[in-house]
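Me: I've got a structure open and I'd like to learn how to read it. Can we go through it one feature at a time?

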Amino acid sequence: TASANHKQMWSGLLALVTLILYSIAVAALVLMALFYTRSEGCMYNKVLIGVNGGLCLFVSLVAVSPCVQNRQPHSGLLQSGVISCYVMYLTFSALSSKPPETILDENNQNITICAPEFSQGLHRDENLVTALGTTILFGCILYSCLTSTTRASSEALRGIYASPETEVARCCFCCVPDGDADAEEHVEKRGGQTVIYDEKKGTVYSYAFFHFVFFLASLYVMMTVTHWFHYESAQIEKFFTGTWSIFWIKMVSCWVCVCLYLWTLIAPLCCPTREFSV
């Protein structure tokens with residue numbers, strides 16, 4: 001995005017990536033509508049797929065609206081495309097965790113509806129959710145590691161232990177520092193986040209909030225792994241079937257994701273006197 005203003009090639013690449021993201025989101029929406037809905041029944045799936053698809057369209061329109069563009073010129077369809085793909089993944093994850101719905105067919109036998117036929121009895125949709133979730137997690141960790149490293153941390157990996165008071169976040173730890181300029185020159189020339197290393201009096205982040213988030217993450221992992229397991233009334237053959245609690249937690253997390261992104265767009269409009277860094 002930084003190079004798109006100077007070279008047309010980067011503008012074309014930006015447009016291509018945005019088109020790919022929205023193509024993935026639309027394809028996921030269509031596939032979920034085909035496999036998780038039917039002409040009769042599946043009202044929950046129909047409503048929620050339509051609501052989440054409408055939310056993706058809404059945040060995309062808000063991201064390119066003139067009022068948001070005036071306050072945040074860097075906002076665009078690229079960010080909303082990423083959010084749309086992630087919302088589609090959360091929707092797919094929630095639908096795969098929903099308890100199966102059964103009806104009687106012509107032969108008075110129970111058949112499962114509102115679920116893809118290839119997943120019945122084999123849990124292939126849940127395996128696909130796990131694979132996608134693992135890929136997203138690995139990508140987030142890799143991105144965080146590459147973008148949060150500083151000059152001091154990269155030098156430490158090469159055996160050089162000299163850390164000034166302030167540092168500028170580096171793109172990758174393998175990049176060699178340009179000269180021995182001070183931190184202010186690095187901020188002006190290279191930009192990036194200023195990281196303060198002085199933690200003698202206290203941490204530079206909220207210690208309680210950090211561990212509270214990990215506490216919630218641990219509970220979420222326990223919930224998804226055990227499916228709110230109650231051993232008193234457990235049936236081993238139904239242990240890996242979906243539950244309504246998991247379904248609604250995942251669906252609410254999808255809506256929270258949309259609300260957080262929407263707030264980043266409208267926050268400068270709601271608080272015009274406050275300065276928001278981009």
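Me: Let's start with Ile20: what does its 43% relative accessibility count as?

Reply: The general idea is a scale: buried means under 20% relative accessible area, exposed means over 50%, and partly exposed is in between, using a 1.4 Å probe and protein chains only. Ile20 has 43% relative accessibility, so it counts as partly exposed. You'll find Ile20 in helix H1, residues 8-35. Look across to Leu78 too: Ile20 and Leu78 are 58 residues apart in sequence and 9.9 Å apart in space, C-alpha to C-alpha.

Me: Where do these coordinates and numbers come from?

Reply: This is a predicted model, in which local features need pLDDT of at least 70 and side-chain atom pairs count only at pLDDT 80 or more, while totals for chains, interfaces and linings use all residues. Residues are numbered from 1 along each chain as its sequence is written, and side-chain values use heavy atoms, with hydrogens and water left out.

Me: How many helices and strands does the protein have?

Reply: Helices (H or I, at least four residues) and strands (E, at least two) are DSSP runs, numbered from the N terminus. Here there are nine helices and four strands, and along the sequence they follow the pattern α-α-α-α-β-β-α-α-β-α-β-α-α. Of the 278 residues, 28% are buried.

Me: Which residues does the "transmembrane region" annotation cover?

Reply: With UniProt, positions are given in the numbering used here, feature names are shortened, and annotations may be inferred rather than shown by experiment. The unreviewed entry puts that label on residues 12-35, 47-64, 76-95, 128-146, 204-225 and 245-266. Take two of these stretches: residues 47-64 are 94% helix and 0% strand, with end C-alpha atoms 26 Å apart. Residues 128-146 are 100% helix and 0% strand, and there the end C-alpha atoms are 27 Å apart.

Me: At what angle do the axes of H4 and H9 cross?

Reply: Axes are lines fitted to C-alpha atoms, for helices over the stretch in contact, and angles run from 0 to 180 degrees between N-to-C directions. Under 35 degrees counts as roughly parallel, over 145 as roughly antiparallel, 65 to 115 as roughly perpendicular and the rest as oblique. The H4 and H9 axes cross at roughly 170 degrees and come within 8 Å, so these two helices are roughly antiparallel. Residues making the contact include Ile83 and Tyr86 of H4 and Met251 and Cys254 of H9.

Me: What about H2 and H9: parallel or antiparallel?

Reply: Their axes come within 10 Å and cross at roughly 15 degrees, so H2 and H9 are roughly parallel to each other. Among the residues that meet are Leu55 and Phe58 in H2, and Trp255 and Val258 in H9. Contact means heavy atoms within 4.5 Å.

Me: Which residues does Leu269 touch, away from its neighbours in sequence?

Reply: Leaving aside neighbours within four places in sequence, Leu269 is in contact with Cys67, Val68 and Arg71. Leu269 sits in helix H9, and it counts as partly exposed because its relative accessibility is 34%. Leu269 and Val68 are 201 residues apart in sequence, yet 7.5 Å apart in space, C-alpha to C-alpha.

Me: And Gln72: buried or exposed?

Reply: Gln72 counts as buried because its relative accessibility is 16%. Gln72 is in the loop between helix H3 (66-71) and helix H4 (77-96). Beyond its neighbours within four places in sequence, Gln72 is in contact with Thr264, Leu265 and Pro268.
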